[in-house]
Amino acid sequence: GSDVPRVALQIVLLEALVAFEEGDAERSFELFRETAADSRRLGFVWQEAVAVESLARRLRQVGRLEEAKTEARAGLALVRRMGDREYAAFLLALIAACAAELGDGELAGRLWGAVQALHRRRPMETWDGLRSEYEGAVLEARSHPEFDAARREGSQLELEDAVAYAVSPD
């Protein structure tokens, strides 16, 4: 098959990233959504996941935390199908950071505990980047009374259980 559609989608993804960096967040979000929808239509699961995760990260950056959480959950459903452990960990950490910023210490703690345990059990190449991007926000939730207990519970979760918990409605 031709790689033209895949390359065209990558170009739109780059346009979305550029739009965001240049301060046009709404245009960026529109392009990420367009890329995700076109990828889904063409059966490019990895490309769809990249678009959804990119959208979720940037929604969080502009403070649209509930939307970011929703998109990250959609991304988790995709990476679950792909079986990509490190991508799943990134999305779990993103949801944990959003939860912390929304004042949900239990969700933040449980997911962060799961992410830390995933890395302890089998170290991730992407750990340093993941940690530098999300740990500060997540640990802001330590003052919540349920955070520490939830983090301990999360550290007992296997990846599949952590993903199932993260995608379940609040």
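**Exercises on a predicted helical chain**

The protein chain exposes about 8300 Å² (Shrake-Rupley method, 1.4 Å probe), and carbon and sulfur atoms supply 50% of that area. The model is predicted: local features need pLDDT of at least 70, side-chain atom pairs count only at pLDDT 80 or more, and totals for chains, interfaces and linings use all residues. Residues are numbered from 1 along each chain as its sequence is written, and side-chain values use heavy atoms, without hydrogens and water.

**Exercise 1.** Find how many helices and strands the protein chain has.

*Solution.* Take helices as DSSP runs of H or I with at least four residues, and strands as E runs with at least two. The count is 9 helices and 0 strands.

**Exercise 2.** Compare the radius of gyration of the protein chain with that of a compact globule.

*Solution.* The radius is taken over C-alpha atoms, and the rule is 2.2 Å times the number of residues to the power 0.38. For 170 residues the rule gives a value near 15 Å; the chain has 16 Å, which agrees. Along its principal axes, the C-alpha trace spans about 50 × 35 × 30 Å.

**Exercise 3.** Decide whether Arg110 is buried or exposed, and list its contacts beyond four places in sequence.

*Solution.* First, locate Arg110: helix α6, residues 105-121. Next, apply the cut-offs: buried is under 20% relative accessible area, exposed over 50%, partly exposed in between (1.4 Å probe, protein chains only). Arg110 has 12% relative accessibility, so this residue counts as buried. Last, with contact meaning heavy atoms within 4.5 Å, the partners of Arg110 are Ala150, Arg151, Glu153, Gly154, Leu157 and Tyr165.
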